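Subject: Structure for your review

Dear colleague,

Please find the structure below, followed by an account of what was found in it. I would be grateful if you could read the two side by side.

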Amino acid sequence: MRYVRHGDTYVIRFEDDEVVPDRLLELLAAESVTAGSLTGIGALRSVRIAYFDTDRREYLDMQVDEQLEVLALVGNVAVYQDQPLVHAHVTLGRRDGTTLGGHLRWGIVRPTLEVYLRVIPGRVERAIDPEYGLPSLDLKDRR
Amino acid sequence: MRYVRHGDTYVIRFEDDEVVPDRLLELLAAESVTAGSLTGIGALRSVRIAYFDTDRREYLDMQVDEQLEVLALVGNVAVYQDQPLVHAHVTLGRRDGTTLGGHLRWGIVRPTLEVYLRVIPGRVERAIDPEYGLPSLDLKDRR
Amino acid sequence: MRYVRHGDTYVIRFEDDEVVPDRLLELLAAESVTAGSLTGIGALRSVRIAYFDTDRREYLDMQVDEQLEVLALVGNVAVYQDQPLVHAHVTLGRRDGTTLGGHLRWGIVRPTLEVYLRVIPGRVERAIDPEYGLPSLDLKDRR
């Protein structure tokens, strides 16, 4: 992973065999990022995505060991239990142009993934939502 | 819906049964947002998407009553007839990882939808495009 | 193509028969944009997408001559060989709501494509990656 910061934005390049979003946590910790928004494109050679079953309150995981284009990585950064947490969803393209996607558990990059992370001033927290048991954005103002 | 503003960004959390993008219009009106760009991820329990038939100049709507991951919500905010208007497209993930998507008419959130709305200074307007009858971005400079 | 700049953001509207991302290069050159991040939604009447075959180190192209919704255009701007280069991936929606996508070679707009390009201060360069032969983000700091 290589990165550079310009203004409020980290331009990040993942390389062969690096794991997203885990690898990103190092940057977030080192740079003390406590809120942000990100998008990315690139490709993965293996991925684990998940679908949240709201009735059973659990994620159903699916692993795909196949070279896939990352058509859209969309996510955000918040703080959960004093650590940065990346929540990201991914849309993936197969060799024949068809797509699949879900909540991103992990992806192994090949050959590159380009992530643009915009830092948001301040701190956004997550806390467990008692209804579903998920670490949800803990925003104080309800409208 | 809960939200907080940090810098130029609204971090917004939709909760069970809230309707997107309608619910967002309240925030936009209350906060006088006249231009912006947004991305989001989360999940919906029901959605109506549309495909624009350019020959017939009309949208074909499709309703899907199924729990779906929001893989990518991408959209923008402009002013149309003196009211804020959200134009958004959505990519959705099914239980089996396959995807569908279209122009977002409405979606009913379950259990959460996380939207990051970046406010753009100034005002962007929409006006009806005479060729297609759609409220299109009304930008003065043609290049 | 019409566009306006507000703050760090170009709001861009492509119109019938304009080609993306080629047409965007004129704006980037005229406005001396050397780094940026973009998202877009709209529709195309024809598109060429590509999938990178990592073993053969070459792109497999696929052309689709069909009216398609642009569900998510995600990309970035960097400088390669002293010229601006747009790297973008696209997720597309068909009439029946199913999707396809890949690396965007070119798309012909119909009736509109709305692109929000956020300029990043500074300059981001690309250079050929010797392993894959792709113009990759040339970021100095490895972590």
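In what follows, a residue is called buried when its relative accessible area is under 20%, exposed when that area is over 50%, and partly exposed in between, using a 1.4 Å probe and protein chains only. Helices (H or I, at least four residues) and strands (E, at least two) are DSSP runs, numbered from the N terminus.

This is a predicted model, in which local features need pLDDT of at least 70 and side-chain atom pairs count only at pLDDT 80 or more, while totals for chains, interfaces and linings use all residues. Residues are numbered from 1 along each chain as its sequence is written, chains are lettered from A and ligands numbered from 1 in the order in which they are written, and side-chain values use heavy atoms, with hydrogens and water left out.

In chain A, helix H1 covers residues 22-30, and its buried residues are A:Arg23, A:Leu24, A:Leu27 and A:Leu28. Viewed down the axis of H1(A), these residues fall within an arc of 145°, so they line one face of the helix; the arc is that of the directions from the helix axis to the C-beta atoms. An α-helix has 3.6 residues a turn, so residues three or four places apart point the same way. Just after H1(A) comes A:Ser32, with a positive phi of about 55°.

In chain B, helix H1 (residues 22-30) has B:Arg23, B:Leu24, B:Leu27 and B:Leu28 as its buried residues. They fall within an arc of 145° seen down the axis of H1(B), so they line one face of that helix. B:Ser32, which follows H1(B), has a positive phi near 55°.

The interface of chain A and chain B

Contact here means heavy atoms within 4.5 Å. By that rule, 43 residues of chain A are in contact with 37 residues of chain B. The two chains bury about 3400 Å² between them, with 54% of it on carbon and sulfur atoms; buried area is the accessible area (1.4 Å probe) that two parts lose on being put together, summed over both.

A salt bridge is a side-chain nitrogen of Lys or Arg within 4 Å of a carboxyl oxygen of Asp or Glu. There are five salt bridges between chain A and chain B. One such pair is A:Asp55 and B:Arg110, at 3.6 Å from N to O.

The interface of chain C and chain A

Here 43 residues of chain C are in contact with 38 residues of chain A. The buried area is about 3400 Å², of which carbon and sulfur atoms give 54%. The rule finds five salt bridges across this interface, and A:Asp8 and C:Arg118 meet in a salt bridge at 3.3 Å, N to O. The polar contacts between chain C and chain A amount to 17 residue pairs, both residues at pLDDT 80 or more. On the side of chain C that touches chain A, strands E4 (36-53), E5 (58-64), E6 (68-80), E7 (83-93), E8 (99-119) and E10 (135-137) of chain C each supply at least two residues.

Salt bridges in detail

Over all chains, the structure holds 54 salt bridges. C:Arg126 pairs with A:Glu114, the closest N and O atoms being 2.9 Å apart. This pair crosses between chains, from strand E9 (residues 126-128) of chain C to strand E8 of chain A. C:Arg126 is buried at 4% relative accessibility, and A:Glu114 is buried at 2%.

Within chain C, C:Asp61 forms a salt bridge with C:Arg105, with 3.1 Å between the closest N and O atoms. C:Asp61 lies in strand E5 and C:Arg105 in strand E8 of chain C, so the pair ties together parts that are 44 residues apart in sequence. C:Asp61 is partly exposed at 36% relative accessibility, as is C:Arg105 at 32%. Salt bridges that share partners also join A:Arg2, A:Arg13, A:Glu15 and C:Asp129 into one network.

With kind regards

Terms used:
A polar contact is a pair of N or O atoms within 3.5 Å; within protein, one must be able to donate a hydrogen and the other to accept it, and residues adjacent in sequence count only if both atoms are side-chain atoms.
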